[in-house]
Amino acid sequence: MPDVGSASGHGPRLSFSMHWCGFVRCWAANLAMVAGLLLAMAPRMAAAQSTLRIALHSDLKIVDPIWTTALITTYHGFMVYDTLFALDETMSVRPQMVDRWSVSDDKLTYTFTLRDGLEWHDGQPVTAEDCVASLRRWGARDGLGQTLMEKTAELAAVDAKTFTLRLKEPYGLVLSTLGKVSSSVPFMMPKRIAETDPNTQITETIGSGPFIFVRDQWKPGERAVYIRNPRYRPRAEPPSGMAGGKVVRVDRVEWIWISDAQTQVSALLQGEIDIVEAPPHDLLPLLEKDPNVALKVLAPMGRQYALRFNVLHKPFDDPRIRQAVVHALNQRDFLEATIGDARYFVTCKSLFPCGSPLATTAGFEDRLESNFARARALLQEAGYDGTPVVLMQSTDVASLANLAPVAKALMERAGFRVDLQAMDWQTLVTRRARKDAPAAGGWSIFLTSWGSIDVLDPAATAFLNASCERATFGWPCDAELQRLRDAFAREADPEKQKALAEAVQRRAAVYPTHVQLGQYLQPTAYRRNISGLLAASNLALWNVEKR
């Protein structure tokens, strides 16, 4: 793991290593669930209830972690749901809901058996059929899931606790795909919920995870509330990353939405909240001076900024115009405008994180240098007619708010007309799923960030998925890029994988799907009476204790 500092408050040494259901049925199910929970929690209710209050990077407005890749919804997913496998702090795949598994000698059939005693929040047992339905829904949305489903001949339940996955051909990424812990995570849901159309958001939130979502106390724009799941059976192993025993040590968790970052920090300093997930980097010195506050980097692999193109409409339906953007931009302007403190960022022309095995500058040696002359030449060659670029700006996420103005300024210097439209992040998340023309309420580009774990290789990087209508928002469509990604997924030899990753990056320089804009680390601030925060790829609130 990289040396990123500890909870001492000292700055790190930067290192990137590496359905709907009918009213009566829902009412009856919820009544039964609440009654069971009250009975199970009765022995604890006489004791003082511990409540953890945390301010996160965004408000929670979408609660279907399969429908969206929004990070806040992934956090919600890990609170409520569980996974078959997960990654530990060494990035090794570990079983989670699975007790044991085996692979046939011909490497075509995987058999999975669930742990004993797994229950949904409503008291019903978790079954193999639930898992099969969950995998199918997730596999229709996620890029890696789509690849796995394409290579699957049969996915079927054998008995209540056992299911098999039979492949058409050997595929070495089965376990790592099932164990992915970021972006679109294969969360397990009850069959009746998992059978919801993948393109329609679920309306019922029942999982088997360590926390229960208190839906009637959820107020978008104000707070989301979770309570300890008394039926949850943690694994016996100690917690590690997103794997191991998820032992909940508080009774209640409140996600408090505070849109202003400075107000978040003030609330932490005054003891009104316990944790600020992503304080602005320019306020870190203030936090470092307070003896009651500690800082810790919880995602030591860091994050990567990215600008995403919508290739369906002018002007970015022409790859040359997208290339012009790549030439017009430079990473340092973005990093200095958002992070500022050089201890926490690094420029990196690689699509895959610098410091990782697949890092390369191939295809980008002369790009990302704000070469406006080259950008203007490409626009002239492509016949750019001044079509406005609708640039969506997220204004309420501190780490993203300053990105769009930088992009606008640099693109205008290259000759683009840019229409910057400001909105909150959840509005952006909803709008980016629309395929309408930019002038009809759609969009041209937006900026976001990915965990470095999401962009480690061509198969994992969602923005490199160029499978047209099946690709994620932006919908790039390029057979050659898909061929290279598929070849990478099939290859087991590390050296050949590296060569294929380089080929993918070279192709992405010709057919840009997005622009990588540098890497950064995000410290989390918390009161010193809080302990047990895990260094993981996502926010993990099990194991956290409040004294």
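Trainee: In what sense do strand E1 (residues 51-55) and E10 pair, and over how many bridges?

Mentor: Strand E1 and E10 pair in the parallel sense over 4 bridges. Helices (H or I, at least four residues) and strands (E, at least two) are DSSP runs, numbered from the N terminus. Before we go on, please keep in mind that this is a predicted model, in which local features need pLDDT of at least 70 and side-chain atom pairs count only at pLDDT 80 or more, while totals for chains, interfaces and linings use all residues. Residues are numbered from 1 along each chain as its sequence is written, and side-chain values use heavy atoms, with hydrogens and water left out.

Trainee: What is the bridge partner of Ile54 in E10, and which sense describes the pairing of E9 and E10?

Mentor: Ile54 has Trp255 as its bridge partner in E10. E9 and E10 pair in the antiparallel sense, over 5 bridges, and there Val225 has Glu254 of E10 as its bridge partner. E10 is also mostly covered, with 4 of its 5 residues buried.

Trainee: What makes Phe213 count as buried?

Mentor: Buried means under 20% relative accessible area, exposed over 50%, and partly exposed in between (1.4 Å probe, protein chains only). Phe213 has 5% relative accessibility, so Phe213 counts as buried. Tyr226, at 0%, counts as buried too.

Trainee: Why is Glu288 called partly exposed?

Mentor: The relative accessible area of Glu288 is 29%, so Glu288 is partly exposed. Glu288 sits in helix H8 (residues 284-288). Its C-alpha atom is separated by 9.1 Å from that of Ala525, 237 residues apart along the chain.

Trainee: How many residues of helix H2 (residues 71-80) are buried, and what covers them?

Mentor: In H2, 10 of its 10 residues are buried, and the helix is mostly covered. Among the buried residues are Leu71, Tyr75, His76 and Phe78. The cover includes strand E8 (211-213), strand E9 (223-228), strand E10 (252-256), strand E13 (303-309) and helix H13 (425-431).

Trainee: What makes the aromatic pair of Phe213 and Tyr226 tilted?

Mentor: Rings of Phe, Tyr and Trp (its six-membered ring) pair if their centres lie within 6.5 Å; planes under 30 degrees apart count as stacked, over 60 as edge-to-face and the rest as tilted. The structure holds 18 aromatic pairs. Phe213 and Tyr226 are 5.4 Å centre to centre with 40° between the planes, and the pair is tilted. Phe213 lies in strand E8 and Tyr226 in strand E9, so the pair ties together parts that are 13 residues apart in sequence.

Trainee: And why is the pair of Tyr305 and Tyr520 called stacked?

Mentor: Their ring centres are 4.5 Å apart and their planes are at 20°, so the pair is stacked. This pair links distant parts of the chain, with Tyr305 in strand E13 and Tyr520 in strand E18 (residues 514-520), 215 residues apart. Tyr305 and Tyr520 are both buried.

Trainee: Which residues form one aromatic cluster?

Mentor: Trp443, Phe446, Trp450, Phe463, Phe473 and Trp475 form one aromatic cluster.

Notes
Contact means heavy atoms within 4.5 Å. Two strands pair if DSSP finds at least two bridges between them.
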